[in-house]
Number of protein chains: 2
Amino acid sequence: MVPVFQIKTVVVIGSGNVAWHLTQALHKAGKEILQVCSPRREHAGILAEKVGAATAMRCEKVVANADFYLLAVPDGKIEEVAGHLPDVKGMVCHTSGITPAVVLERFERYGVFYPLQTFSKGKPVELQEVPFCLEASSPAGYSALETVAAALSRRVYSVTTEKRMKLHLAAVLVNNFTNHLFAQAEGFLEQNGLEREMLMPLMRETVEKLKALPASEAQTGPARRGDRATLRKHLEMLHAHPDLKAVYQLFSEQILKKYYE
Amino acid sequence: MVPVFQIKTVVVIGSGNVAWHLTQALHKAGKEILQVCSPRREHAGILAEKVGAATAMRCEKVVANADFYLLAVPDGKIEEVAGHLPDVKGMVCHTSGITPAVVLERFERYGVFYPLQTFSKGKPVELQEVPFCLEASSPAGYSALETVAAALSRRVYSVTTEKRMKLHLAAVLVNNFTNHLFAQAEGFLEQNGLEREMLMPLMRETVEKLKALPASEAQTGPARRGDRATLRKHLEMLHAHPDLKAVYQLFSEQILKKYYE
């Protein structure tokens, strides 16, 4: 039985990091990319050339007959961009963690195609392992979306807007905030004439361990041991680093509270 | 020319995670482990058997003729344990990031043998990649220690007590605090009926990216974009999670300050 709705042709709106990776992956998975639309003509051109697509500068100009319109634009631009699209019959999806699906409800078919990963243009990503969180305005739409996602990744989930927003928040913690910790640690080492490379094996092992253990069981360190002498020494060492000291204080208090109260 | 001082025979004091990994690695590297000394008889017995060593329950009872005494005991126990050791001629080293070398100065040869890594018994560690930070009371001692460390790892560094303490502090940030962030994120997902596994690829990529970029350049997320609408939404979502909210607030403020002030 042929499904009611299938996705074979794609228009991509956006030319940033997410568009960069998803467009090329869709192309490799056999989808026909009709256009890449972005006001950043140069970015759009490079991406379009890679996947044999045309370009469009403005959303009003995209072709109306594609099966799938992927809005890979910043969260704050989704509604505006959607407002400028023609009344297409294909499925319109955004890729945002925090934006409700219903901002696209003026379209006949709409949904969300959210990859739970961080993307940079210069860095290839193993998409097969990336969780895709999907939402769709109809079962037929969901089914078509699922087929597309399953061609890119082996981890495809049906996730409501509410849960997706929670995943996105958790992603900020483990990605953006972890990175901020790393940046602070690197800065601290640099200021003290030590190489950042010395911390890399430890950073890797910190994550590796979580394959075997939940993080709450993997917790170690002075606060976990209740070693207040070390906590005091560290806080003294941070007297000239107020931001780092604030982080140190807050985390140590929370870990002490968690394991000793 | 034969060096003045060489390390061939080893007594290990301690039977915890660090002792567990280092003792077996030293054994594999051809060192003769004479004894494993620990009041935890069962732990010591298992480790000793693995490396063909004898056991001792108390430090007073260790043999006095080993070349190397490795004190892999908790930071707070080092001075006490060292106080109970006989007056040995071999080199006495602790494995602590935060303890000065000079707490061992009553010995003829002493130093520090600090692996910058997190160890758990159940989890094998690629020691070859682990930075070993060494300190010794004499050049001959350092040279002997360096030979031992180089047999275990390709990353061997001469590090003063002051710099080692700074590395240790940075290690707390990237390992213990990152783990606390992960634990909070996992808890938040669990409370919302979402699987922790969904975050694993993102956690891995967060660290992988740092091979290519320093963390301060890899920073992304709502605070980095100055996206205050998302920050507000996230803080609202955290109203029932005060610890997580405090972390979210502090980190977002610091990232905003760093990139926008």
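**View 1. A:Lys166 and its partners in chain B.** Leaving aside neighbours within four places in sequence, A:Lys166 is in contact (heavy atoms within 4.5 Å) with B:Phe188, B:Leu189, B:Asn192, B:Leu194 and B:Met237. A:Lys166 sits in helix 5 of chain A; helices (H or I, at least four residues) are DSSP runs, numbered from the N terminus. Is A:Lys166 buried or exposed? A:Lys166 is buried, because its relative accessible area is 16%; buried means under 20% relative accessible area (1.4 Å probe, protein chains only).

This is a predicted model: local features need pLDDT of at least 70, side-chain atom pairs count only at pLDDT 80 or more, and totals for chains, interfaces and linings use all residues. Residues are numbered from 1 along each chain as its sequence is written, chains are lettered from A in the order in which they are written, and side-chain values use heavy atoms, without hydrogens and water.

**View 2. The salt bridge of B:Arg225 and A:Asp75.** The closest N and O atoms of B:Arg225 and A:Asp75 are 3.7 Å apart. A salt bridge is a side-chain nitrogen of Lys or Arg within 4 Å of a carboxyl oxygen of Asp or Glu. Between chain A and chain B, the count is six salt bridges.

**View 3. Where chain A touches chain B.** The contact takes 88 residues from chain A and 88 residues from chain B. The area buried between the chains is about 8,600 Å²; buried area is the accessible area (1.4 Å probe) that two parts lose on being put together, summed over both. Carbon and sulfur atoms give 69% of that area.

Methods
Helices (H or I, at least four residues) and strands (E, at least two) are DSSP runs, numbered from the N terminus. Buried means under 20% relative accessible area, exposed over 50%, partly exposed in between (1.4 Å probe, protein chains only).
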